[in-house]
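I opened the model to look up its sheet, its helices and its charged pairs. The entries below follow the order in which I looked.

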Amino acid sequence: MLSFQDKIKDVYKQAKAGNWNYPQMFNGLKTIGVQSYTMNVLKYTIEYVGGDETFLEIGPSGWKVDLGMFNEAQVIKAVRRSQRKEIDYPTFLKEIAAAGVPKYYVSMSECTVSYLGADEGNKYVEKVPTTGFRKEEKK
């Protein structure tokens, strides 16, 4: 049986090989039991939570971004550019950091991504589309 960590890594391998969009990736993570995850943009770390299991993924060493003042319009612009696959993930992270987002939180149960500013009142919440999920093959 695969560990929680290995299941997560397997979803990412499948996503890369299948060129999945974000709703497909979201669904893949949810299917293996991920309940939420938090991306620390400044440190490039992702903490996945599923039941009583957690996994902390650490990104590349030497990662550095500059945190700007919170600007919801710029957050939305970066999100849309990422959705259209105009930018890669590291560029997306740099753009949301410049727009004042030091971390974001993904809730699988609520189907939301919350882009959180450094000040508690600053956030932008986006629903994960329910369309675009990978269709399971019928047996």
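Is R80 buried, partly exposed or exposed? I found that R80 has 29% relative accessibility, so it counts as partly exposed. The classes I used are buried for under 20% relative accessible area, exposed for over 50%, and partly exposed in between, with a 1.4 Å probe and protein chains only.

Notes on the source. The model is predicted, so I kept local features only at pLDDT of at least 70 and side-chain atom pairs only at pLDDT 80 or more, while totals for chains, interfaces and linings use all residues. Residues are numbered from 1 along each chain as its sequence is written, and side-chain values use heavy atoms, with hydrogens and water left out.

Entry 1, the sheet. I looked up the strand order and read β3-β2-β1-β4-β5-β6, an open sheet of six strands with antiparallel pairing. Strands (E, at least two residues) and helices (H or I, at least four) are DSSP runs numbered from the N terminus. Two strands pair if DSSP finds at least two bridges between them. β3 (53-58) and β6 (123-127) are the edge strands; each has a single partner, so one side of each is left without a neighbour in the sheet. Neighbouring strands are turned by 15° against each other on average, direction ignored. For such angles, axes are lines fitted to C-alpha atoms, for helices over the stretch in contact, and angles run from 0 to 180 degrees between N-to-C directions.

- β1 and β2 run antiparallel and are joined by five bridges; M39 has I46 in β2 as its bridge partner. The two strands form a hairpin with four residues between them, and Y44 in the turn has a positive phi of about 60°.
- β2 and β3 pair in the antiparallel sense over six bridges, with G50 opposite E53 in β3. Two residues lie between the strands of this hairpin, and G51 in the turn has a positive phi of about 60°.
- β4 (residues 103-107) and β5 (residues 112-116) run antiparallel and are joined by five bridges. K103 stands opposite L116 in β5.

Which strands does helix α2 lie across? Helix α2 (residues 22-31) lies across β1 (36-40), β2 (45-50), β4 and β5, and runs at about 65° to β4. Helix α3 (residues 72-83) lies across β5 and β6, at about 30° to β6. Contact here means heavy atoms within 4.5 Å.

I listed the buried residues of α4 (residues 89-98) as F92, L93, I96 and A97. They cover an arc of only 135° around the axis, which puts them on the same side of α4. The arc is that of the directions from the helix axis to the C-beta atoms. An α-helix has 3.6 residues a turn, so residues three or four places apart point the same way. The buried residues of α4 pack against β1, α3, β4 and β5. Just after α4, G100 takes a positive phi of about 90°.

I placed N21 in the loop between α1 (4-18) and α2. N21 has 28% relative accessibility and counts as partly exposed.

How many salt bridges does a search of the whole structure find? I got five, a salt bridge being a side-chain nitrogen of Lys or Arg within 4 Å of a carboxyl oxygen of Asp or Glu. K64 pairs with D66, the closest N and O atoms being 4.0 Å apart, and both residues are exposed.

R80 forms a salt bridge with E126, with the closest N and O atoms 2.9 Å apart. R80 lies in helix α3 and E126 in strand β6, so the pair ties together parts that are 46 residues apart in sequence. E126, at 11% relative accessibility, counts as buried.

E95 forms a salt bridge with R81, the closest N and O atoms being 2.8 Å apart. This pair links E95 in helix α4 to R81 in helix α3, 14 residues apart. E95 counts as partly exposed at 24% relative accessibility, and R81 counts as partly exposed at 22%. Salt bridges that share partners join R81, R84, E86 and E95 into one network.
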